[in-house]
Number of protein chains: 2
Amino acid sequence: KKKNHHVTRFCCLQSVKGVWPLPQSFTISSERYPLNPQAFYFAYGKQSAAQEGCSVLDEAFKRYFSLIFPDYISGSILQFSEDQPFTVQVSVGLDDCDGYPDENSSEQLYTLCLSTGLETFSQLVYQEDFGSYFVNKTEIEDFPRFQFRGILLDTSRHYLPVRAILKTLDAMAFSKFNVFHWHIVDDPSFPYQSRTFPDLSAKGAFHPMTHIYTQSDVRRVISYARMRGIRVLPEFDSPGHTQSWGKGQSDLLTPCYRGSTPSGTFGPVNPALPSTYKFMATLFKEVSSVFPDSYIHLGGDEVNFSCWKSNPDVRAFMQKMGFGTDFTKLEAYYMENIVNITTALNKTSIVWQDVFDYHERIPKDTVLHIWKGDPASYEAELSRITKAGYRVLLAAPWYINHISYGQDWRNYYTVQPLNFSGTEEQKKLVIGGEVCMWGEYVDATNLTPRLWPRASAAAERLWSDEKQTSNVDKAFPRLQDFRCKLLRRGIQAEPLFVGHCKHEYQGV
Amino acid sequence: KKKNHHVTRFCCLQSVKGVWPLPQSFTISSERYPLNPQAFYFAYGKQSAAQEGCSVLDEAFKRYFSLIFPDYISGSILQFSEDQPFTVQVSVGLDDCDGYPDENSSEQLYTLCLSTGLETFSQLVYQEDFGSYFVNKTEIEDFPRFQFRGILLDTSRHYLPVRAILKTLDAMAFSKFNVFHWHIVDDPSFPYQSRTFPDLSAKGAFHPMTHIYTQSDVRRVISYARMRGIRVLPEFDSPGHTQSWGKGQSDLLTPCYRGSTPSGTFGPVNPALPSTYKFMATLFKEVSSVFPDSYIHLGGDEVNFSCWKSNPDVRAFMQKMGFGTDFTKLEAYYMENIVNITTALNKTSIVWQDVFDYHERIPKDTVLHIWKGDPASYEAELSRITKAGYRVLLAAPWYINHISYGQDWRNYYTVQPLNFSGTEEQKKLVIGGEVCMWGEYVDATNLTPRLWPRASAAAERLWSDEKQTSNVDKAFPRLQDFRCKLLRRGIQAEPLFVGHCKHEYQGV
């Protein structure tokens, strides 16, 4: 019997090591405390700026109680009289209870008796084969390497039910992602139900009733994210990627011409009409009030000039503006107008790198989002854009919709976001990175196993110290262990290689 | 209102065309009959060899009623007095009600009023936006191109819960697959709980209680498969791929040597010991009685000779047998013994192609399973093996565990299994094909979206006429439509490209 006990302990100490992403400083001792769900409490520390009634923390306490004791049903476990109550005191330095998380939200101030966040603490608790819970004495100091750690979901190429988005937000919190980049509309469909322009979804969604996000859906997503410390960054990409917009808003897109007559097809947003900017100002005014985050993503990628070129009115506008035949100037003119609209609404703009590529004089607080190319080219782009003094977000190496056979998470893990030529000041302009799940081949049927745990590899790169996490083979067993934790929490995370988890996925 | 009606009809006629896999002959008319779930019946035809009480058909009638009327809840639909009862008469030429499906099971004898099987009939029924069901007058003649249309699941590299296997059997029936090749054990784990050798799973499974298939699990799988016309082909692969066997059966595997001392590691099954064959005879006797199918898969692939070479006892045995240093002779000797064991048990053997590659004189009724190589090499192998008079099964082009970005189903669809140089007689020896889902990176979390609808592409290749299904672009919208039908039936089938289904997957 004693031998068994040792075996068990060995198994669980191994499992304790699996905190993901790795904290900045982490010392675990073999001294352990038993945890009894009937005598376990979260409490606000006396010094804490937030106290009972703080919605974000009250809710987090509830949620993490269930995550820490997954099979606890009230009253089902015998209480042993010798169990001392175990109270986790939570103190925060800022009363940030009613606001939304933003770029300045401190992710360092949460101080527990174990000097760590609730997520990390929950990963430290383990269960022995006989059902008892333990936590080892552990010293942790932790803070994120990058301020922006995002995941992009694309709800235009396929509609994702709200439940799929909420499930993703759950899993994001487990990997300490803090930005949900909602690429909500694009060419194939316009599922956002606008208050001001209801025809956009009524005519541009895959289905006007079943394949849309109502205002209340959007509020639910934002509120669910807020509770988990996640910002919601909406993207309304233009002037390209807007085919679906044209269905519900006439005269918005450019009519393409074949020779001297309209061909019946449409191109990007028409930059030559004043009505375009009036429409955009109204739409972005609504979007700015619906989405509380101070950032907004304006897209600006992959604009095809052939339709603009074919259209006589656009060509006349080019002449009038003195752009000659340089359509990048027209595009720059369009983006400048859109950025001005959102600036007037007190929002900071994020745009895809294309905007910088053809127009180097955009407002200095604009964030450039790097999505193109192989390592060599994205590193050059990081260097070039930060040299110009712009902040950047790196997405290129984390296009997770691209799949291949085998352990491709290793590629996501070994990215070195700051490995480009540039000064220390330039490196500071890299505000973070983003995992992009474009939707050509992804919907609710395969989203979760395709995201997890592959995205978690990027999460550690964005959170943890690079030197401490430079060995991908050392990361492997920890990631395997973390993936089993995801399964235990009901996340349909796919396997990394041959093996098993104590609690397999039961949701078939 | 009338206009709406026409639109609806257009939508649904399109949908009707989507029978997958394509029947051999198929003519659909625009004449349609309304179907009312309250006045819809399956009945046995007067001429039918099977009558009420035939378990397979009684169960199939129940199952297909629910599949045809997915949102019907008894009593919830108003009955219109003008609805005529609609009875589908089912006649079969053979009373095959209590047996198991086998290679001779006719898949042609099911004759309905619409001259088709229940699965095809169910795909012909469509629902309009207002909820009414219809079926168009349709003439179908149908039979499969190949007798053997299999799917391999690997339950050793990852354990698959029984529910995941049953779900796969459901989906297999929808695509008219008729063989479940159960690669039940392999190096990483031995989940089959043997009556005779319980230690094999007690010590060789990932977990002796939670990660095993009990006798009753196996019976459940076989019975569930039988009800759907699916054979269960078990594989107990040896002499390689047996690391997990050694944990519960000492002296079975070959001890590897480093120089003159055992290294502590083990190689393939030890072919030099009489006890090996005694063990195998006992195990296969059990397996033969547990699995009713007349075929059994004996593996025989990828035998690594280095451990045999290192072992002095094996080398001595080679001398004694006059094999010199040709270890393929030792392997051939071993496989011959195993094939003889199963032949004595009245089973037909299937082995991987390796067995033919090193030993051309195996019994003539053995089926060779082709798994290696690119198109050029598997076609040469088809030619070579059928020339020697053996029946073959083609798996090489359908290793569906290999994933890549984009529409790789097109590769599975455009396979031409008979496009090799050989006589008509040789072509007849190709008994079918198999989709293999090896388990390195697959468990219950990602099995279903990885299999479906990609495997359905192979299903059409194996069922339908090659000339009628030679255009992959024409197949695309039908496969998209079929994928939506799978979703409607609760199968988590992934999308093929941008778009939507009326009923999206709700199981998040």
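**The domain interface in chain A**

The area buried between domain 1 of chain A and domain 2 of chain A is about 1,500 Å², and carbon and sulfur atoms contribute 54% of that. This is a predicted model, so please hear every value as computed from the prediction.

First, the division itself. In chain A, domain 1 runs over 25–141 and domain 2 over 148–472. Their C-alpha centres are 36 Å apart. Domain 1 of chain A puts 17 residues into the contact, and domain 2 of chain A puts in 18.

How many salt bridges does the rule find across the interface of domain 1 of chain A and domain 2 of chain A? One. On the side chains of A:Glu103 and A:Arg391: they form a salt bridge, with 3.6 Å from N to O. That distance falls within the 4 Å cut-off for a salt bridge.

Now the side of domain 1 of chain A that touches domain 2 of chain A. Helix 2 (55–68) and helix 3 (118–124) of chain A each provide at least two of its residues. Helix 2 of chain A has the largest share, with six residues. Sorted by class, this side of domain 1 of chain A has seven charged, six nonpolar and four polar residues.

Note on methods
Residues numbered from 1 in each chain as written. Chains lettered and ligands numbered in written order. Predicted model: local features only at pLDDT ≥ 70, side-chain atom pairs only at ≥ 80, totals over all residues. Heavy atoms only, no water. Domains from an automatic or database assignment. Contact = heavy atoms within 4.5 Å. Buried area = accessible area lost by both parts, 1.4 Å probe. Helix = DSSP H or I, 4+ residues; strand = E, 2+ residues; numbered from the N terminus. Nonpolar A, V, L, I, M, F, W, Y, C, P; charged D, E, K, R; others polar.
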